[in-house]
Amino acid sequence: MPDVTLDVREIPKPQRHPKIFGTFDSLDVGEAIILINDHDPRHLHDEFDERLPGGYGWDYLVREKRDYRIRISKTTAAPPPRLLGNTAELTDGPVDAAGVAWKLDFDGRGLDSNLIRLAPGGGIDTHRGAEVDVLIHVVAGSGTVGTETGDVAVSAGDLLWLPRRSERSFTAGPDGLSYLTVHTHREPTLTIEPLGTGR
């Protein structure tokens, strides 16, 4: 198939990148877009590096004032696997308050994942989960996960399943608690529901 020409000069800026990625995603391996733009799209190049490292080609054909033409080719059928970080490094050092130390944050992903760190004795109050099952891997420390049927003691290496809509709370032990959550991607409009204290 011949290269697809995509001139984005007349497309409003907020719509350009979604249009480019939508067109790119529809390509087969070996096919390409000839992107025509009014400036050097360095931020777009950064986005391709973040989303598809090693999975695309980027070749300038024309680099003139208000006329940039770049051939962006598809070299893999899907985003290649990549190293995202190291949980030992992310959980090293003191924690002052509960927080997200790392999160999976790529557009088009099918999973959500967060590394949560709780300070010694810290916790997350009782709440009911959203409409997704959650897998938890305790990567450092220890603590308890409160459930409707009692507390579950957890420590580094433990795997825990939280069924959708299940009630849960988290309390860190004396050495803190760090755990990785993994679940299907959900839109940010879905939130956990805190439970009243009168239960």
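The largest nonpolar core of this predicted model has 16 residues, and F24, L35, L44, F48 and I72 have the most contacts inside it. A nonpolar core is here a set of buried Ala, Val, Leu, Ile, Met, Phe, Trp, Tyr and Cys residues joined through side-chain atoms within 4.5 Å; buried means under 20% relative accessible area, exposed over 50%, and partly exposed in between (1.4 Å probe, protein chains only). At least two residues of this core come from each of α1, β2 (32-37), α2 (42-51), β3 (56-64) and β4 (67-74). Helices (H or I, at least four residues) and strands (E, at least two) are DSSP runs, numbered from the N terminus. Beyond four places in sequence, L44 touches H17, I20, F21, L35, W58 and I72, where contact means heavy atoms within 4.5 Å. Apart from this core lies another, of 14 residues, among them I116, V138, L160 and L177. In soluble globular proteins, nonpolar side chains tend to be buried together.

Residues are numbered from 1 along each chain as its sequence is written. Because the model is predicted, local features need pLDDT of at least 70 and side-chain atom pairs count only at pLDDT 80 or more, whereas totals for chains, interfaces and linings use all residues; side-chain values use heavy atoms, with hydrogens and water left out.

I136 belongs to strand β8 (residues 134-147) and counts as buried, at 2% relative accessibility. Its C-alpha atom is separated by 5.5 Å from that of L180, which is 44 residues apart from I136 along the chain. With neighbours within four places in sequence left aside, I136 is in contact with D158, L159, L160, L162, F170, Y179, L180 and T181.

D38 lies in the loop between β2 and α2 and counts as buried at 15% relative accessibility; R16 has its place in helix α1 and is buried, with a relative accessible area of 6%. The table gives their polar contacts (pairs of N or O atoms within 3.5 Å; within protein, one must be able to donate a hydrogen and the other to accept it, and residues adjacent in sequence count only if both atoms are side-chain atoms).

| Group | Partner | Distance |
|---|---|---|
| D38 side chain | R16 side chain | 3.3 Å |
| D38 side chain | H39 side chain | 2.7 Å |

Not counting residues up to four places away in sequence, D38 touches R9, R16, R66 and Y68. On that basis R16 is in contact with V8, R9, I11, N37, D38 and H39.

The second largest pocket has a volume of about 520 Å³. A pocket is an open set of points on a 1 Å grid over the protein atoms alone where a 1.4 Å probe fits, with protein on both sides within 12 Å along at least five of seven lines, and lining residues have an atom within 4 Å of a point. Grid points are joined across faces, edges and corners, and the volume is the space filled by probe spheres set on the points. Of the 29 lining residues, R51, P79, R82, F106 and R109 are the closest to the pocket centre. Two or more lining residues come from each of α1 (13-25), α3 (87-90), β6 (111-118) and β11 (167-184), and α1 gives the most, with three. The lining divides into 16 nonpolar, seven polar and six charged residues, with Ala, Val, Leu, Ile, Met, Phe, Trp, Tyr, Cys and Pro counted as nonpolar, Asp, Glu, Lys and Arg as charged, and the others, Gly among them, as polar.
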